[in-house]
Amino acid sequence: MTQTATVNYHVHKPHRQAFELDAGGIAGNLVSPKLASTAVALEDARAATNSVTFASDAVEFTTMETQVRDFAGAAWKPIYDAELTAMLSDMLRACEVVVFDHTVRIDDPSATRKPARNVHSDYSKDGAEQRLVDLLGAEVASEWAQGHFAFVNVWRPVQHQINSAPLGFVRPSSVNTSDWIVLDLIYPDRKGQIMGLVGSPKHEWIYQSKMTPDEVAIFNIYDNQGLPSIAHSALDMVEDPSVSTIRKSIESRTLVRY
């Protein structure tokens, strides 16, 4: 059975577009460029005819046990960072993993960080190269850039099974280069870049239904040697109208060296 959801695609403009985050110095205040609300058909990875793998689709769904049950405060971070490092080292055969950012998102109007409801990938080429320098320093970044490195995101539900606003992905094989646009991220104290995706009827959307806190989506957001970045977004849909739990998730950005 085919599921449907609504997503917000970006649109082509003759000028560079931008998001303003924490605009006016107000945490969580977001000024967004124009978006196009679009209904899309979804393939559930749990029932997919062909398996969804990181190597072929730039995303993979798997189980990942964790000792962390409460992602509040900061005491959990060393534990979870070590778990992520071990998992990615094994799964991706990475020789080095740097976990550098965690974002807890809650689908509630009062939340500071809500699910990202725009179809995007987290880094442009310039944005990724600058982030590499920001994280490692110019000298070490130059050494990494001579080899194979990537930014990889690990996303998981927190506390409850996901019932609304699950995370969806566009198969890279269904995306044309012209579908991507560069977007600036303007923070009060710095500037970054991401890639936004413009809609196309050729796009093939995949997600995993009813993900639990013991499951993760591991996906590629930049690779300097060819693995495509994968476009993703929270999906406006509800899987079971009788369930009222609030959608909560944590995403962890990592830098891996192959």
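**Pockets and cores: a quick tour**

Okay, let's start with the largest pocket: 47 residues line it, and Leu21, Arg105, Leu185, Tyr187 and Arg253 are the ones nearest its centre. Keep in mind that this is a predicted model. The volume of that pocket comes out at about 1100 Å³.

So who builds the lining? Strand 6 (96–106) gives the largest share, six residues. At least two residues each also come from other elements, including strand 2 (17–21), helix 3 (125–136), strand 8 (149–157) and strand 15 (248–257).

Now the second largest pocket, with a volume of about 320 Å³. Its lining has 18 residues, and nearest the centre you'll find Tyr123, Trp180, Met195, Pro228 and Ser229.

In soluble globular proteins, nonpolar side chains tend to be buried together. The largest nonpolar core in our model has 48 residues, and Leu88, Phe151, Phe169 and Phe219 touch the most other members. There's another core lying apart from that one, with 14 residues, among them Ala5, Tyr9, Val40 and Leu42.

Let me zoom in on Phe151. Which residues does Phe151 touch, leaving out those up to four places away in sequence? Among them are Phe100, Tyr123, Ala128, Leu132, Leu135 and Phe219, plus Arg131, Asn220 and Thr254. And Tyr123 you've met already: that's one of the residues nearest the centre of the second largest pocket.

Key. Residues are numbered from 1 along each chain as its sequence is written. This is a predicted model: local features need pLDDT of at least 70, side-chain atom pairs count only at pLDDT 80 or more; totals for chains, interfaces and linings use all residues. Side-chain values use heavy atoms; hydrogens and water are left out. A nonpolar core is a set of buried Ala, Val, Leu, Ile, Met, Phe, Trp, Tyr and Cys residues joined through side-chain atoms within 4.5 Å. Buried means under 20% relative accessible area, exposed over 50%, partly exposed in between (1.4 Å probe, protein chains only). Contact means heavy atoms within 4.5 Å. On a 1 Å grid over the protein atoms alone, a cavity is a set of points where a 1.4 Å probe fits but cannot get out, and a pocket is an open set with protein on both sides within 12 Å along at least five of seven lines; lining residues have an atom within 4 Å of a point. Grid points are joined across faces, edges and corners, and a volume is the space filled by probe spheres set on the points. Helices (H or I, at least four residues) and strands (E, at least two) are DSSP runs, numbered from the N terminus.
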